[in-house]
Amino acid sequence: MTITDQTNLEAVDELDTDAQTTDTTDDDTAETFPREYVVKLRDENAKYRQRAGQSDDLAKRLHLELVRAGGRLADATDLPFDDAHLTDPEAMTAAVDALLTAKPHLANRKPTGDIGQGASVATDTFSLSGLLRSGAK
């Protein structure tokens, strides 16, 4: 055995002795609680964590539906979730405006009004001149 090995062993023995003395002093001064009490606290905290997770999911769904109801974006998921949007409608409007300014291709492009397609008003009698007038507009 070399001198460095012997020194290392002595240092490890010294650390183990120090650790044992601190463990006994920590155990003497630390408070201990009954197992039933600790289990009850852990179950209660788990219940609160589950509720917090559910409220986060509901807040995200509400945000998505508020953006979708605004109708300004083609896909409501393009606007990232922010808690401030739920409490302040102006903040959501400003965020949508900023997003559309930066990325105008995300805007809703749903056509409105008469675009010349789909069902039209049926006439009772056929008139060639009426057909020509409707096509000239």
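**Exercise 1.** Does Leu128 count as buried or exposed, and what relative accessibility places it there?

*Solution.* The model is a predicted one, and the residue can be located before it is classified. Leu128 has its place in helix H5, which covers residues 128-136. The class called exposed requires over 50% relative accessible area; because Leu128 reaches 55% relative accessibility, it counts as exposed.

**Exercise 2.** Find how many salt bridges the whole structure holds, and describe the one formed by Arg68.

*Solution.* A search of the whole structure gives 2 salt bridges. In one of them Arg68 pairs with Glu65, with 2.8 Å between the closest N and O atoms. Both residues belong to helix H2 (residues 35-70), and because they are 3 residues apart there, about one helical turn separates them. Turning to accessibility, Arg68 counts as partly exposed at 45%, and Glu65 likewise counts as partly exposed at 41%.

**Exercise 3.** Explain which parts of the chain are tied together by the pair Arg72 and Asp97.

*Solution.* Begin with the contact itself, a salt bridge in which the side chains of Arg72 and Asp97 meet at 2.5 Å, N to O. Arg72 lies in the loop between H2 and helix H3 (83-87), whereas Asp97 lies in helix H4 (residues 89-102), so the pair ties together parts that are 25 residues apart in sequence. Finally, Arg72 counts as partly exposed at 35% relative accessibility, and Asp97, at 32%, counts as partly exposed too.

Key: Residues numbered from 1 in each chain as written. Predicted model: local features only at pLDDT ≥ 70, side-chain atom pairs only at ≥ 80, totals over all residues. Heavy atoms only, no water. Helix = DSSP H or I, 4+ residues; strand = E, 2+ residues; numbered from the N terminus. Buried < 20%, exposed > 50% of the residue type's maximum accessible area, 1.4 Å probe, protein only. Salt bridge = Lys/Arg side-chain N within 4 Å of Asp/Glu carboxyl O.
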